[in-house]
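Please open the model in your viewer and keep the sequence panel beside it.

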Amino acid sequence: MMLRRLVVVFVLVVAGSASRDAACVRAAEAGSWDPAYVVSVLSAQQPAPTQQEEFVPIEELPPQDQLPAAPLLVAAYSFVVLALFAYLVSVARRLGAVQHELERLESELKRSGRR
Amino acid sequence: MPKWFTGAAVLCGLMFAVAPVLIANAPYESTMGLVQKIFYVHLPSAWVFLLSAIVCGVASVRFLFRGDPRQDRLAWAAAELVVLFGLVTLVTGPLWARKAWGTWWQWDVRLTSSLMGWMVAVAYLLLRKYGGPGSDKLGAGLALFGMANVPFVYISVNYWRTIHPATSVVPTLPSSFGVPLWFSAVTFLLLFVLLLRLRVRLQEQHAALDALYLSMDA
(Lines give C-alpha, C1' and ligand atoms only; values in the text may rest on other atoms or scores of the structure.)
Protein backbone atom coordinates (compact mmCIF):
# COMPACT_ATOMS: atom_id res chain seq x y z
CA MET A 1 0.00 0.00 0.00
CA MET A 2 2.85 2.34 0.94
CA LEU A 3 4.67 1.59 -2.32
CA ARG A 4 1.48 2.30 -4.29
CA ARG A 5 1.10 5.66 -2.59
CA LEU A 6 4.72 6.52 -3.37
CA VAL A 7 4.18 5.65 -7.04
CA VAL A 8 1.03 7.80 -7.13
CA VAL A 9 2.85 10.73 -5.49
CA PHE A 10 5.68 10.40 -8.02
CA VAL A 11 3.22 10.39 -10.93
CA LEU A 12 1.46 13.47 -9.53
CA VAL A 13 4.73 15.38 -9.03
CA VAL A 14 5.77 14.66 -12.60
CA ALA A 15 2.33 15.74 -13.86
CA GLY A 16 2.66 19.34 -12.62
CA SER A 17 0.61 21.47 -10.24
CA ALA A 18 -2.67 22.11 -12.10
CA SER A 19 -3.15 18.51 -13.17
CA ARG A 20 -1.95 17.33 -9.76
CA ASP A 21 -4.61 19.27 -7.87
CA ALA A 22 -7.42 18.00 -10.07
CA ALA A 23 -6.15 14.41 -9.97
CA CYS A 24 -5.77 14.52 -6.18
CA VAL A 25 -9.39 15.64 -5.83
CA ARG A 26 -10.64 12.92 -8.20
CA ALA A 27 -8.50 10.25 -6.51
CA ALA A 28 -9.66 11.32 -3.05
CA GLU A 29 -13.29 11.30 -4.20
CA ALA A 30 -12.88 7.82 -5.62
CA GLY A 31 -10.91 6.74 -2.51
CA SER A 32 -8.43 5.10 -4.80
CA TRP A 33 -4.64 5.13 -4.59
CA ASP A 34 -4.35 2.88 -7.62
CA PRO A 35 -1.56 4.31 -9.84
CA ALA A 36 -3.33 3.11 -12.98
CA TYR A 37 -6.46 5.06 -11.96
CA VAL A 38 -4.48 8.25 -11.28
CA VAL A 39 -2.61 7.94 -14.58
CA SER A 40 -5.91 7.49 -16.41
CA VAL A 41 -7.32 10.61 -14.72
CA LEU A 42 -4.23 12.61 -15.69
CA SER A 43 -4.20 11.40 -19.27
CA ALA A 44 -7.88 12.22 -19.63
CA GLN A 45 -7.15 15.84 -18.54
CA GLN A 46 -4.22 16.53 -20.84
CA PRO A 47 -5.27 17.16 -24.42
CA ALA A 48 -3.19 15.21 -26.88
CA PRO A 49 -1.05 17.48 -29.09
CA THR A 50 -2.77 17.93 -32.41
CA GLN A 51 -0.83 17.02 -35.49
CA GLN A 52 -0.48 19.79 -38.05
CA GLU A 53 -2.46 18.79 -41.11
CA GLU A 54 -2.26 22.03 -43.08
CA PHE A 55 -0.29 25.24 -43.32
CA VAL A 56 -2.00 28.30 -41.84
CA PRO A 57 -1.91 31.51 -43.94
CA ILE A 58 -0.29 34.44 -42.11
CA GLU A 59 -3.54 36.47 -42.41
CA GLU A 60 -5.22 34.01 -40.03
CA LEU A 61 -2.70 34.61 -37.25
CA PRO A 62 -3.42 37.01 -34.35
CA PRO A 63 -2.48 40.62 -35.24
CA GLN A 64 0.70 40.68 -33.10
CA ASP A 65 2.04 37.59 -34.87
CA GLN A 66 1.35 39.03 -38.34
CA LEU A 67 3.36 42.17 -37.66
CA PRO A 68 6.41 42.38 -39.96
CA ALA A 69 9.63 43.43 -38.21
CA ALA A 70 11.30 45.37 -41.03
CA PRO A 71 9.11 48.53 -40.92
CA LEU A 72 9.61 48.78 -37.15
CA LEU A 73 13.37 48.37 -37.54
CA VAL A 74 13.53 50.94 -40.34
CA ALA A 75 11.36 53.35 -38.33
CA ALA A 76 13.63 52.99 -35.28
CA TYR A 77 16.87 53.58 -37.18
CA SER A 78 15.37 56.41 -39.23
CA PHE A 79 14.17 58.11 -36.08
CA VAL A 80 17.61 57.84 -34.46
CA VAL A 81 19.37 59.33 -37.50
CA LEU A 82 16.79 62.10 -37.96
CA ALA A 83 16.68 63.03 -34.26
CA LEU A 84 20.47 63.23 -33.95
CA PHE A 85 20.82 65.14 -37.22
CA ALA A 86 18.03 67.57 -36.29
CA TYR A 87 19.65 68.24 -32.92
CA LEU A 88 23.05 68.78 -34.50
CA VAL A 89 21.55 71.25 -37.02
CA SER A 90 19.66 73.01 -34.23
CA VAL A 91 22.80 73.47 -32.10
CA ALA A 92 24.83 74.60 -35.13
CA ARG A 93 22.18 77.18 -36.08
CA ARG A 94 21.91 78.51 -32.54
CA LEU A 95 25.69 78.70 -32.29
CA GLY A 96 25.86 80.53 -35.62
CA ALA A 97 23.20 83.03 -34.53
CA VAL A 98 24.93 83.78 -31.21
CA GLN A 99 28.32 84.08 -32.94
CA HIS A 100 26.83 86.49 -35.45
CA GLU A 101 25.25 88.57 -32.70
CA LEU A 102 28.53 88.65 -30.78
CA GLU A 103 30.46 89.88 -33.81
CA ARG A 104 27.84 92.53 -34.53
CA LEU A 105 27.93 93.83 -30.96
CA GLU A 106 31.72 93.83 -30.81
CA SER A 107 32.02 95.81 -34.05
CA GLU A 108 29.34 98.23 -32.81
CA LEU A 109 31.26 98.73 -29.58
CA LYS A 110 34.49 99.31 -31.50
CA ARG A 111 32.84 101.86 -33.75
CA SER A 112 31.42 103.74 -30.79
CA GLY A 113 34.88 103.72 -29.19
CA ARG A 114 33.76 102.00 -26.00
CA ARG A 115 36.07 99.08 -26.49
CA MET B 1 36.67 74.78 -30.07
CA PRO B 2 39.48 72.59 -28.63
CA LYS B 3 41.93 70.88 -31.00
CA TRP B 4 40.69 67.37 -30.24
CA PHE B 5 37.15 68.24 -31.32
CA THR B 6 37.64 67.97 -35.10
CA GLY B 7 39.54 64.68 -34.86
CA ALA B 8 36.94 63.22 -32.49
CA ALA B 9 34.12 64.38 -34.79
CA VAL B 10 35.73 62.65 -37.80
CA LEU B 11 36.26 59.48 -35.76
CA CYS B 12 32.64 59.57 -34.56
CA GLY B 13 31.42 59.97 -38.15
CA LEU B 14 33.50 56.98 -39.25
CA MET B 15 32.20 54.90 -36.37
CA PHE B 16 28.61 55.79 -37.29
CA ALA B 17 29.38 54.61 -40.82
CA VAL B 18 30.88 51.29 -39.66
CA ALA B 19 28.29 50.50 -36.95
CA PRO B 20 25.46 49.54 -39.38
CA VAL B 21 27.79 47.02 -41.06
CA LEU B 22 28.54 45.33 -37.72
CA ILE B 23 24.87 45.41 -36.75
CA ALA B 24 23.79 43.93 -40.09
CA ASN B 25 26.33 41.10 -39.71
CA ALA B 26 25.25 40.29 -36.14
CA PRO B 27 23.19 37.08 -35.91
CA TYR B 28 19.41 37.09 -35.51
CA GLU B 29 18.21 36.46 -31.98
CA SER B 30 16.33 33.15 -31.77
CA THR B 31 12.93 34.38 -30.53
CA MET B 32 12.77 37.99 -31.75
CA GLY B 33 14.53 37.76 -35.10
CA LEU B 34 15.12 40.92 -37.12
CA VAL B 35 13.43 43.36 -34.75
CA GLN B 36 15.99 42.59 -32.02
CA LYS B 37 18.52 44.65 -34.00
CA ILE B 38 16.84 47.77 -32.55
CA PHE B 39 18.74 46.73 -29.40
CA TYR B 40 22.00 48.14 -30.85
CA VAL B 41 20.68 51.69 -30.80
CA HIS B 42 18.13 51.38 -27.99
CA LEU B 43 20.55 50.24 -25.29
CA PRO B 44 23.46 52.65 -26.06
CA SER B 45 21.04 55.58 -26.24
CA ALA B 46 19.53 54.47 -22.91
CA TRP B 47 22.99 54.34 -21.33
CA VAL B 48 23.85 57.81 -22.64
CA PHE B 49 20.42 59.04 -21.47
CA LEU B 50 21.25 57.90 -17.91
CA LEU B 51 24.84 59.20 -18.16
CA SER B 52 23.55 62.63 -19.23
CA ALA B 53 21.21 62.70 -16.22
CA ILE B 54 24.18 61.91 -13.93
CA VAL B 55 26.36 64.62 -15.54
CA CYS B 56 23.48 67.10 -15.21
CA GLY B 57 22.94 66.15 -11.55
CA VAL B 58 26.63 66.24 -10.55
CA ALA B 59 27.16 69.61 -12.28
CA SER B 60 24.04 70.94 -10.54
CA VAL B 61 25.31 69.83 -7.13
CA ARG B 62 28.64 71.56 -7.79
CA PHE B 63 26.82 74.68 -8.96
CA LEU B 64 24.63 74.70 -5.84
CA PHE B 65 27.58 74.35 -3.45
CA ARG B 66 30.26 76.39 -5.28
CA GLY B 67 28.17 78.78 -7.34
CA ASP B 68 30.43 78.17 -10.36
CA PRO B 69 28.58 79.34 -13.51
CA ARG B 70 30.60 76.87 -15.65
CA GLN B 71 28.95 74.02 -13.80
CA ASP B 72 25.55 75.58 -14.43
CA ARG B 73 26.31 75.76 -18.15
CA LEU B 74 27.41 72.12 -18.13
CA ALA B 75 24.21 71.09 -16.33
CA TRP B 76 22.03 72.95 -18.82
CA ALA B 77 23.87 71.38 -21.76
CA ALA B 78 23.60 67.89 -20.25
CA ALA B 79 19.86 68.35 -19.56
CA GLU B 80 19.29 68.94 -23.26
CA LEU B 81 21.10 65.70 -24.02
CA VAL B 82 18.95 63.88 -21.44
CA VAL B 83 15.94 64.98 -23.47
CA LEU B 84 17.53 64.01 -26.81
CA PHE B 85 18.82 60.56 -25.85
CA GLY B 86 15.80 59.92 -23.64
CA LEU B 87 13.56 60.59 -26.62
CA VAL B 88 15.58 58.17 -28.76
CA THR B 89 15.29 55.53 -26.02
CA LEU B 90 11.58 56.08 -25.47
CA VAL B 91 10.79 55.91 -29.20
CA THR B 92 13.00 52.96 -30.19
CA GLY B 93 11.90 50.91 -27.15
CA PRO B 94 8.18 50.81 -28.06
CA LEU B 95 9.03 50.08 -31.72
CA TRP B 96 10.90 46.99 -30.51
CA ALA B 97 8.26 46.13 -27.90
CA ARG B 98 5.44 46.23 -30.45
CA LYS B 99 6.88 43.16 -32.13
CA ALA B 100 8.62 41.46 -29.19
CA TRP B 101 5.90 41.94 -26.54
CA GLY B 102 2.87 42.55 -28.74
CA THR B 103 2.30 45.97 -27.18
CA TRP B 104 3.73 49.46 -27.61
CA TRP B 105 3.96 50.28 -23.92
CA GLN B 106 3.76 48.67 -20.49
CA TRP B 107 3.36 50.73 -17.33
CA ASP B 108 6.06 48.71 -15.57
CA VAL B 109 8.74 50.19 -13.33
CA ARG B 110 11.57 50.44 -15.91
CA LEU B 111 9.50 52.15 -18.58
CA THR B 112 7.60 54.43 -16.19
CA SER B 113 10.74 55.55 -14.29
CA SER B 114 12.54 56.20 -17.59
CA LEU B 115 9.61 58.35 -18.75
CA MET B 116 9.72 60.17 -15.40
CA GLY B 117 13.45 60.87 -15.78
CA TRP B 118 12.86 62.23 -19.26
CA MET B 119 9.98 64.44 -18.05
CA VAL B 120 12.16 65.82 -15.24
CA ALA B 121 14.71 66.90 -17.89
CA VAL B 122 11.96 68.49 -20.01
CA ALA B 123 10.73 70.32 -16.89
CA TYR B 124 14.32 71.49 -16.23
CA LEU B 125 14.64 72.96 -19.73
CA LEU B 126 11.24 74.67 -19.53
CA LEU B 127 12.17 76.08 -16.15
CA ARG B 128 15.50 77.41 -17.44
CA LYS B 129 13.88 78.97 -20.49
CA TYR B 130 10.80 80.54 -18.91
CA GLY B 131 11.57 80.50 -15.16
CA GLY B 132 13.21 83.95 -14.98
CA PRO B 133 15.62 85.00 -12.22
CA GLY B 134 16.41 82.23 -9.72
CA SER B 135 15.57 79.47 -12.14
CA ASP B 136 19.22 78.33 -12.14
CA LYS B 137 19.07 77.25 -8.47
CA LEU B 138 15.57 75.83 -8.83
CA GLY B 139 16.67 73.94 -11.93
CA ALA B 140 19.69 72.56 -10.10
CA GLY B 141 17.37 71.19 -7.42
CA LEU B 142 15.22 69.60 -10.09
CA ALA B 143 18.29 68.02 -11.71
CA LEU B 144 19.04 66.28 -8.41
CA PHE B 145 15.72 64.45 -8.67
CA GLY B 146 16.61 63.48 -12.22
CA MET B 147 19.94 62.05 -11.05
CA ALA B 148 18.37 60.25 -8.05
CA ASN B 149 16.05 58.51 -10.51
CA VAL B 150 18.97 56.93 -12.44
CA PRO B 151 19.86 54.03 -10.10
CA PHE B 152 16.14 53.36 -9.69
CA VAL B 153 15.76 53.04 -13.49
CA TYR B 154 18.80 50.74 -13.67
CA ILE B 155 17.95 48.28 -10.88
CA SER B 156 14.19 48.32 -11.37
CA VAL B 157 14.20 45.34 -13.74
CA ASN B 158 15.96 43.18 -11.16
CA TYR B 159 13.61 43.93 -8.26
CA TRP B 160 10.15 44.26 -9.77
CA ARG B 161 8.13 41.94 -11.97
CA THR B 162 8.47 43.23 -15.51
CA ILE B 163 8.67 41.95 -19.06
CA HIS B 164 11.65 44.18 -19.79
CA PRO B 165 14.93 42.17 -20.01
CA ALA B 166 17.03 42.19 -16.82
CA THR B 167 20.50 43.79 -16.50
CA SER B 168 22.05 40.30 -16.55
CA VAL B 169 21.47 40.05 -20.33
CA VAL B 170 24.40 42.28 -21.35
CA PRO B 171 27.22 40.56 -19.35
CA THR B 172 26.17 37.16 -20.72
CA LEU B 173 25.99 38.25 -24.39
CA PRO B 174 28.01 36.10 -26.81
CA SER B 175 30.65 38.08 -28.72
CA SER B 176 28.60 37.95 -31.93
CA PHE B 177 26.02 40.17 -30.20
CA GLY B 178 28.48 41.88 -27.85
CA VAL B 179 30.93 43.35 -30.38
CA PRO B 180 28.31 45.38 -32.33
CA LEU B 181 26.70 46.45 -29.05
CA TRP B 182 29.92 47.75 -27.47
CA PHE B 183 31.01 49.38 -30.74
CA SER B 184 27.66 51.13 -30.91
CA ALA B 185 27.93 52.08 -27.22
CA VAL B 186 31.39 53.67 -27.72
CA THR B 187 30.05 55.52 -30.79
CA PHE B 188 27.13 56.92 -28.81
CA LEU B 189 29.46 57.84 -25.95
CA LEU B 190 31.75 59.73 -28.30
CA LEU B 191 28.74 61.48 -29.83
CA PHE B 192 27.59 62.43 -26.34
CA VAL B 193 31.00 63.99 -25.52
CA LEU B 194 31.00 65.93 -28.80
CA LEU B 195 27.43 67.18 -28.47
CA LEU B 196 28.03 68.11 -24.84
CA ARG B 197 31.13 70.14 -25.77
CA LEU B 198 29.23 71.82 -28.62
CA ARG B 199 26.30 72.63 -26.36
CA VAL B 200 28.57 73.97 -23.59
CA ARG B 201 30.21 76.16 -26.22
CA LEU B 202 26.78 77.57 -27.06
CA GLN B 203 26.22 78.37 -23.37
CA GLU B 204 29.63 80.03 -23.18
CA GLN B 205 28.81 82.20 -26.19
CA HIS B 206 25.48 83.14 -24.61
CA ALA B 207 27.30 84.13 -21.42
CA ALA B 208 29.76 86.25 -23.46
CA LEU B 209 26.84 87.90 -25.24
CA ASP B 210 25.11 88.69 -21.93
CA ALA B 211 28.36 90.18 -20.62
CA LEU B 212 28.62 92.38 -23.71
CA TYR B 213 25.04 93.63 -23.34
CA LEU B 214 25.73 94.41 -19.68
CA SER B 215 28.88 96.35 -20.60
CA MET B 216 26.84 98.35 -23.12
CA ASP B 217 24.27 99.24 -20.49
CA ALA B 218 26.93 100.27 -17.97
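What share of the contacts in chain A with a separation of 6 or more is accounted for by residues 24 or more positions apart? In chain A that share is 46%, where contact means heavy atoms within 4.5 Å.

Before going further, note that this is a predicted model, in which local features need pLDDT of at least 70 and side-chain atom pairs count only at pLDDT 80 or more, while totals for chains, interfaces and linings use all residues. Residues are numbered from 1 along each chain as its sequence is written, chains are lettered from A and ligands numbered from 1 in the order in which they are written, and side-chain values use heavy atoms, with hydrogens and water left out.

**First stop: chain A**

Select chain A and colour it by secondary structure, which comes to five helices and zero strands; helices (H or I, at least four residues) and strands (E, at least two) are DSSP runs, numbered from the N terminus. Of the 115 residues in chain A, 22% are buried, and here buried means under 20% relative accessible area, exposed over 50%, and partly exposed in between, with a 1.4 Å probe and protein chains only. If you show the surface, chain A exposes about 8,300 Å², of which carbon and sulfur atoms supply 63%; such areas come from the Shrake-Rupley method with a 1.4 Å probe, and for residues only the protein chains shown count as cover.

Now pick A:Ala97, which lies in helix H5 (residues 70-111) of chain A and is partly exposed, with a relative accessible area of 49%.

**Second stop: chain B as a whole**

Move to chain B, where you can trace six helices and zero strands, and where the C-alpha atoms fill a box of roughly 70 × 40 × 25 Å, taken along the principal axes. Of its 218 residues, 46% count as buried, and residues 24 or more positions apart account for 76% of the contacts in chain B with a separation of 6 or more. Colouring by confidence shows an average pLDDT of 93 for chain B, with 100% of the residues scoring at least 70; pLDDT is the predictor's confidence in each residue, from 0 to 100. For the complex, the predictor gives an ipTM of 0.92 and a pTM of 0.79.

Show the aromatic side chains, and look for the eight aromatic pairs that the structure holds over all chains. Rings of Phe, Tyr and Trp (its six-membered ring) pair if their centres lie within 6.5 Å, and planes under 30 degrees apart count as stacked, over 60 as edge-to-face and the rest as tilted. One of the pairs is B:Phe39 with B:Tyr40, which is edge-to-face, at 5.3 Å centre to centre and 70° between the planes. B:Phe39 is buried at a relative accessible area of 8%, and B:Tyr40 is buried at 0%.

Why does the pair of B:Trp47 and B:Trp182 count as stacked? Their ring centres are 5.2 Å apart and their planes are at 25°, so the pair is stacked. This pair links distant parts of the chain, with B:Trp47 in helix H2 (residues 39-66) and B:Trp182 in helix H6 (residues 175-217) of chain B, 135 residues apart. B:Trp47 is partly exposed at 26% relative accessible area, and B:Trp182 is partly exposed at 47%.

Finally, select B:Phe16, B:Phe85 and B:Phe188, which form one aromatic cluster.
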